Amino acid sequence: MTEGSRFAVADAHFHVWDPRAHYYPWLCDPEPISFRYGDYRSLRKPYLLTDYRADSSGWPVERGVYVEAEWDPRDPLGEMNFIDEVRKPDNFPTVAVAQAWLHHEDCAAVLEAHARHAFVRAIRHKPKPGMMDHANWRQGYARLAPLGLHFELQAPWRQLEEAARLAADFPDTSLVLNHTGLPLDDELAGWRAAMARLAARPNVAVKISGLGNVTRKREVVLATIEAFGCGRAMFASNFPVDSLRSTFSGIFTEFETITRGFSKAERRALFHDNAVRIYRMEKP
């Protein structure tokens with residue numbers, strides 16, 4: 001057991017799926033999509049809670065955030081019904097992030113249906129460049145906070161200027177940046193500047209995850225914490241996706257090693273407490 005495994009863990013980002021029983025275009029269609037980790041054929045099989053528990057064994061994962069897995073976009077509500085069933089034995093995943101398309105005509109009805117699940121905390125969308133400035137997309141975004149939902153953004157760092165404007169224009173809506181803004185080693189100067197601008201908005205937090213294409217991980221992790229502070233950053237596995245690059249233990253051991261100079265309170269915040277607070281995990 002590593003020193004870090006003594007910390008309770010709230011994994012801020014993971015997935016489960018069953019492409020035998022449900023339709024996920026990227027996992028089920030014969031033609032693979034373009035993917036940042038390249039060949040992902042090993043993921044095109046069921047990954048259930050038993051698999052996640054086996055991968056995370058050795059680390060005390062007490063809470064976890066399920067994040068939508070690009071389920072059939074024609075049925076955005078079906079995924080949360082699936083997760084409702086998954087949660088029944090022991091209320092894990094603790095909370096979930098659902099799929100929604102903020103510019104679609106049925107956005108209001110979809111968001112209201114998601115909000116009726118007591119465990120749903122947010123929706124995720126991967127907007128195309130410029131989309132976060134569009135009026136109709138923003139009309140959907142404006143519906144989140146009144147329903148008790150926040151927004152999960154997955155976008156490359158070049159779109160973070162848009163995200164900073166969005167966060168400024170909707171200060172009452174929390175925004176969580178996924179996967180550290182997707183940096184690459186040869187882009188870190190531009191990535192740092194973009195992250196600093198986004199971090200200036202107090203309603204934005206970040207998940208430090210999805211770093212499988214980065215070799216300068218220590219630099220990226222510490223720069224992210226420097227920008228957002230220890231109160232607005234969370235560690236996450238992004239499993240099973242990041243199993244294409246590392247093991248669960250390898251990812252969390254690296255987080256533990258990088259943060260050995262931090263105080264115990266700061267490390268508890270990064271590994272557990274921030275995710276519990278930001279995702280309102282103590283809420284029934």
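Predicted model: local features only at pLDDT ≥ 70, side-chain atom pairs only at ≥ 80, totals over all residues.
A salt bridge, for this talk, is a side-chain nitrogen of Lys or Arg within 4 Å of a carboxyl oxygen of Asp or Glu. By that rule the count in this structure comes to 18 salt bridges.

Asp90 has a relative accessible area of 47%, so it is partly exposed. Arg53 is partly exposed as well, at 33%.

Another salt bridge is formed by the side chains of Lys126 and Glu70, at 2.2 Å from N to O. Here too distant parts of the chain are linked: Lys126 sits in the loop between S4 and H5, Glu70 in the loop between strand S2 (61–67) and H3, and 56 residues separate them. Lys126 counts as partly exposed because its relative accessibility is 34%. For Glu70 the value is 30%, so it also counts as partly exposed.

Then there is Glu219 with Arg216, where the closest N and O atoms are 2.9 Å apart. Glu219 is partly exposed, with a relative accessible area of 28%. Arg216, at 37%, is partly exposed too.

Which residues are linked in a network of salt bridges? Asp133, Arg138, Glu161, Arg165 and Asp169 are.

Now to charged residues without such a partner. Arg121 lies in strand S4. Arg121 is buried yet has no salt bridge, and the nearest side chain of opposite charge, Glu282, is 9.0 Å away. What does the side chain of Arg121 reach? It reaches the backbone oxygen of Ala118, at 2.6 Å.

Arg232 is a second case, this one in the loop between helix H8 (217–228) and strand S8 (233–235). Arg232 is also buried and has no salt bridge; Glu226, the nearest side chain of opposite charge, is 12 Å away. The side chain of Arg232 reaches a backbone oxygen, that of Arg201, at 3.0 Å. Leaving aside residues up to four places away in sequence, Arg232 touches Ala199, Arg201, Pro202, Val204, Ala205, Val206, Ala227 and Asn274.

Is Arg36 buried or partly exposed? With a relative accessible area of 30%, Arg36 is partly exposed. From C-alpha to C-alpha, Arg36 and Gly212 are 9.1 Å apart in space, although 176 residues apart in sequence. Again not counting residues up to four places away in sequence, the contacts of Arg36 are Gln154, His179, Leu182, Gly210, Asn213, Asn238, Asp242 and Arg245.

In helix H4 (residues 107–115), the buried residues are Cys107, Val110, Leu111, Ala113 and His114. They cover an arc of only 160° around the axis, so they lie on the same side of H4. As a reminder, an α-helix has 3.6 residues a turn, so residues three or four places apart point the same way. What covers the buried residues of H4? The cover includes helix H3 (78–87), strand S3 (95–99), strand S4 (120–125) and H5.

Helix H6 (residues 160–169) has Leu160, Glu162, Ala163, Ala164, Leu166 and Ala167 as its buried residues. Against which elements do the buried residues of H6 pack? They pack against helix H5 (135–141), strand S5 (150–153), strand S6 (175–177), helix H7 (188–199) and strand S7 (204–208).

Last, the cysteines. With a cut-off of 2.5 Å between cysteine sulfur atoms, the count comes to zero disulfides. Cys28 counts as partly exposed because its relative accessibility is 30%. Cys230, at 18%, counts as buried, because buried means under 20%.

To recap, the count is 18 salt bridges and zero disulfides. Arg121 is buried without a salt bridge, and so is Arg232. That is what I have for today.

Technical notes: Residues numbered from 1 in each chain as written. Heavy atoms only, no water. Helix = DSSP H or I, 4+ residues; strand = E, 2+ residues; numbered from the N terminus. Buried < 20%, exposed > 50% of the residue type's maximum accessible area, 1.4 Å probe, protein only. Lys, Arg positive; Asp, Glu negative; His and termini not counted. Polar contact = N/O pair within 3.5 Å; in protein donor to acceptor, adjacent residues only side chain to side chain. Contact = heavy atoms within 4.5 Å. Arc of directions from axis to C-beta.
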